[in-house]
Amino acid sequence: MKQEKTTVIEHHNFQGEYRILRLSAPATGPLVKPGQFLELQVPRLAERILRRPFSIYQADESGVAVLYKAVGRGTEAMAAIQVGEQVNIIGPLGNGYPEADSGKTPVLVAGGYGNAALYILAQRMKKKGIAFFGGRSEIDILLVKEFEKLGWEVRPTTDDGSLGTKGLVTAAFDPWMNQRGVGSGEQGVENIELFVCGPNPMLKAMGDRAIEHGFTAWLSLDKNMACGVGACLTCVIKRKTENGWEWARCCKDGPIFESRDIMWES
Amino acid sequence: MSVDLKIKIGSMVMKNPVTVASGTFGYGPEYAELVDLNRLGAITVKGICPEEHVGNPTPRTFETRGGMLNAIGLPGPGAKGFIKKYVPFLKQYDTPVIVNIWGKGMDDYGTVVEMLDGEDTVSAYEINLSCPNVKEGGAAFGTEVDSFSKVVELVRGKTQKPIIPKLAPNVPNIAAFAKAAENCGADAVSIMNTMPAMAINIDTLKPELANKFGGLSGPPIKPIAIKLVFDAARAISIPIIGMGGIFEPEDAVEFMIAGATSVAVGTANFVDPGTIVRVIDGIERYLIEKGHNSVADIVGTVKI
């Protein structure tokens, strides 16, 4: 974890309301593991003091990039950031996704621009599998070509049917999952490993399936954060223990949790 | 040219007057990768009561214009858990540790000190008598002088280490509490805890915090804290640790001029973990620029 004054080297529209912000961050970039995030101090957001957490889309020796949607108070101010400007970040933060199990078929599941948070994982994973991306409409399905270029088979779903299967991401995932019988060797449903990022109802839906069908699902949880480093205890969720539950911090103990560890609150 | 930044709170020597506000810095390890803990005058850890405590449901914080509300509810590992989990870590540093203590009832304040007092790493106790976010203790003790005094006396009877009651801002006469603390043998007082506050969501018609109410912190409360420090400083001769919205060195210097010997950086840690070191360096710079030799030269120098 570093605190770094970075310089904006790229900031542009990517698709629809989605934008990419690329920062020169040589102290932070090399440390990034898949599924980690950073806390960014948004310039000219003077009336709101806290940093904003962003998933890391890309990272290398020279820096990091985030892909975000310009909605909400914080991200509107984000959109005004200029190339050449200084941006203060703390990162990389959080536990990140674990090493994939090489004996299993990796499956990525994302809602909206959640797949940006899966890009580094998809890039670094030796074994490529299948990716289910869900969104409202065609314009909300991002990075299909980028994931295909990495060797992933992408199956999009849209709420309005403008791209891929019509419906939620489960509309494409469930038939695929059901096709693979239990106990059919490597193809068996118990031999898939899910890496999921998206809105909480989608995470829960995937987690429920993982528990029911006996596969592993790593879920990236999104909960309002303040400090990002584990000090303030704002972003806690209930994690199951032998005797009940305990609070776990999304920012430090997460944001990645296995489906069986989460006690969902209604 | 150099100045002496050292200060004393009872028998505790701080190499500079800057600590952190309890609850904004965890127990130390959380910020150790970002802040050199040896630079701090003291580390004030999150509130500890005798037993493990679970704290409040979420949402626990809510950002407001220029500040934030919190109702974390003092979750923590309890005295034993603190000793096991954090004392070995804190021991590595050449920085005194102030343990913030709280209780669900009066007896807890004595019990937690008994449990912690054998640890050399524990340098002093800050007595939380004013947390707005726990039903049991906290605020109830902090807003009546009689019960406030009883807790301070109880803790005084249990330890030779410095004790520092933390005062609530929502009292009609802060000087009465500061004076009571001094009379009961306190070595210093912390001023102030967060301000009881509330925010309501206009769509759901529900409070933004699960606990309904919380404590306001950050720059919006600084002028309130300055006034409280000013009022208390005229009533007592023990040191004051001033806190409330310190984001820049100038804020810390203002607290000192109002009457604080020491200051604590709180919410600013979340915004910029570099604030503490910046404040320490900025205080030193100010003293040099103004031709002073020590912190004491500016404490309480407000002209009225």
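## A:L168 and its setting in a two-chain model

A:L168 has 18 C-beta neighbours inside 10 Å and therefore counts as partly exposed. Being buried would take 20 or more such neighbours, and being exposed 12 or fewer. The residue sits in a predicted model. The predictor gives the complex an ipTM of 0.92 and a pTM of 0.93.

**Around A:L168**

- A:L168 lies in a loop of chain A. Strand 11 (165-166) and helix 4 (169-179) are the elements on either side of that loop.
- Leaving out residues up to four places away in sequence, A:L168 touches A:G134 and A:T157.
- A:P156 is twelve residues from A:L168 along the chain. The C-alpha atoms of these two residues are separated by 9.6 Å.

**Strand 7 of chain A**

- Strand 7 of chain A covers residues 86-93. Six of its eight residues are buried, so the strand is largely enclosed by the rest of the structure.
- Strand 1 (residues 2-15) of chain A pairs with strand 7 of chain A. The sense is antiparallel, over six bridges.
- Which residue of strand 7 of chain A is the bridge partner of A:T6? The partner is A:V87.
- Strand 3 (residues 37-40) of chain A also runs antiparallel to strand 7 of chain A, and three bridges join them. Here A:F37 has A:L93 as its bridge partner.
- In a regular strand, side chains alternate between the two faces of the sheet.

**Strand 13 of chain A**

- Strand 13 of chain A spans residues 216-220. Four of its five residues are buried, and the strand is mostly covered.
- Does strand 12 (residues 192-197) of chain A run parallel or antiparallel to strand 13 of chain A? The two strands run parallel, joined by five bridges.
- The bridge partner of A:E193 in strand 13 of chain A is A:T216.

**Domains of chain A**

- Chain A is divided into domain 1 (2-93) and domain 2 (105-220).
- The centres of domain 1 and domain 2 of chain A, taken over C-alpha atoms, are 25 Å apart.
- Where the domains of chain A touch, 13 residues of domain 1 are in contact with eleven residues of domain 2.
- On the domain 1 side of this contact in chain A, strand 5 (58-60) and strand 6 (63-69) are the elements that give two or more residues.
- By class, that side of domain 1 of chain A has seven nonpolar, five polar and one charged residues.

**Chain A as a whole**

- Chain A has five helices and 16 strands.
- The radius of gyration of chain A is 18 Å, and the globule rule gives 18 Å for 266 residues, so chain A is as compact as a globular protein of that length.
- Along the principal axes, the C-alpha atoms of chain A fill a box of roughly 55 × 45 × 35 Å.
- Of the 266 residues of chain A, 48% count as buried.
- Take the contacts in chain A with a separation of 6 or more: 59% are between residues 24 or more positions apart.

**Chain B as a whole**

- Chain B has ten helices and 14 strands.
- The radius of gyration of chain B is 18 Å, close to the 19 Å from the globule rule for 304 residues, so chain B is as compact as a globular protein of that length.
- The C-alpha trace of chain B spans about 55 × 50 × 40 Å along its principal axes.
- Of the 304 residues of chain B, 54% count as buried.
- Take the contacts in chain B between residues at least 6 apart in sequence: 72% join residues at least 24 apart.
- Chain B averages a pLDDT of 95, and 96% of its residues score at least 70.
- Where pLDDT is low, predicted coordinates should not be read in detail.

**Contact between chains A and B**

- How many residues does the contact take from chain B and from chain A? It takes 24 residues from chain B and 19 residues from chain A.
- On the side of chain B that touches chain A, strand 5 (61-64), strand 6 (67-70) and helix 9 (268-271) of chain B each supply at least two residues.
- This side of chain B has ten nonpolar, nine polar and five charged residues.

Terms used
Residues numbered from 1 in each chain as written. Chains lettered and ligands numbered in written order. Predicted model: local features only at pLDDT ≥ 70, side-chain atom pairs only at ≥ 80, totals over all residues. Contact = placed C-beta atoms within 7 Å. Nonpolar A, V, L, I, M, F, W, Y, C, P; charged D, E, K, R; others polar. Domains from an automatic or database assignment. Rg over C-alpha atoms; globule rule 2.2 N^0.38 Å. Pairing = 2+ DSSP bridges. pLDDT = per-residue confidence, 0-100.
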